[in-house]
Each structure stands twice: as structure tokens, then as C-alpha cells.
Amino acid sequence: MTRSKAVIKAEGCLCAARDIGSDKAAAVYEKIIFELNNMSDYMFNRLKSQLAD
């Protein structure tokens with residue numbers, strides 16, 4: 001998965017969290033989207049490889 005696809009998935013999860021009225025989950029997904037948008041592709045791939053191990 002690429003960083004841009006991860007942003008799209010997180011945005012979908014944010015919409016779902018807002019639909020069910022979960023403010024805490026929405027806040028988490030907003031932070032995830034913020035971090036993904038400010039992260040380079042290199043750092044995303046590094047994080048992804050660290051978590052795969």
C-alpha cells in the first residue's frame with residue numbers, strides 16, 4: 001500500500017467514525033491523516049517495513 005492509498009483509507013474510516021458519532025475515533029483518524037499527509041514516502045515505507053517485521 002502506498003502512502004496516498006493509506007490516506008484514502010483513513011479518510012474513509014474518518015467518515016465512518018463521524019457517521020456513527022464516535023468523536024474519539026474521529027479524532028484519532030484526523031490525527032492519522034494529518035501525520036500521513038506530512039510524512040514523506042520514504043518515512044512511510046520505513047514505518048511500514050518496521051511494522052511488517
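Guide: In this predicted model, the buried residues of helix 1 pack against helix 2 and helix 3 (41-52).

Visitor: Which residues in helix 1 are buried?

Guide: They are Ala6, Val7, Ala10, Leu14 and Ala17. Viewed down the axis of helix 1, the buried residues fall within an arc of 100°, so they line one face of the helix.

Visitor: Why would residues spaced like that line up?

Guide: An α-helix has 3.6 residues a turn, so residues three or four places apart point the same way.

Visitor: And what does the face turned away from the buried side of helix 1 carry?

Guide: That face carries the exposed residues Lys5, Ile8, Lys9, Asp19 and Ile20.

Visitor: How many residues does helix 1 have, and what is its reach?

Guide: Helix 1 has 18 residues and reaches 26 Å from its first C-alpha to its last, close to the 26 Å expected at 1.5 Å a residue. Just after helix 1, Gly21 adopts a positive phi of about 80°.

Visitor: Let us turn to the core. Which residues form the largest nonpolar core?

Guide: There are five: Ala10, Leu14, Ala17, Ala26 and Ile33. Helix 1 (3-20) and helix 2 (23-37) are the elements that give two or more residues to this core. Helix 1 gives the most, with three residues.

Visitor: What does Ala26 touch, leaving aside residues up to four places away in sequence?

Guide: With those neighbours set aside, Ala26 touches Leu14, Ala17 and Arg18.

Visitor: Now Leu36. Is Leu36 buried or exposed?

Guide: Leu36, which lies in helix 2, has a relative accessible area of 10% and therefore counts as buried, the cut-off being under 20%. Not counting residues up to four places away in sequence, Leu36 touches Arg3, Ala6, Val7 and Phe44. Two of these, Ala6 and Val7, are among the buried residues of helix 1.

Visitor: How far apart are Leu36 and Ser4?

Guide: They are 32 residues apart in sequence, and their C-alpha atoms are 8.2 Å apart in space.

Visitor: Finally, the whole chain. How many helices and strands does it have?

Guide: The protein chain has three helices and zero strands, in the pattern α-α-α along the sequence. Its C-alpha atoms fill a box of roughly 35 × 20 × 15 Å along the principal axes.

Visitor: What share of the chain's residues is buried?

Guide: Buried residues make up 17% of the 53 residues. The chain exposes about 4100 Å², with carbon and sulfur atoms supplying 59% of it.

Definitions and conventions:
Residues numbered from 1 in each chain as written. Predicted model: local features only at pLDDT ≥ 70, side-chain atom pairs only at ≥ 80, totals over all residues. Heavy atoms only, no water. Core = buried A, V, L, I, M, F, W, Y, C linked by side-chain atoms within 4.5 Å. Buried < 20%, exposed > 50% of the residue type's maximum accessible area, 1.4 Å probe, protein only. Helix = DSSP H or I, 4+ residues; strand = E, 2+ residues; numbered from the N terminus. Contact = heavy atoms within 4.5 Å. Expected span 1.5 Å × (residues − 1). Arc of directions from axis to C-beta. Areas by Shrake-Rupley, 256 points an atom, 1.4 Å probe, with all protein chains shown as cover.
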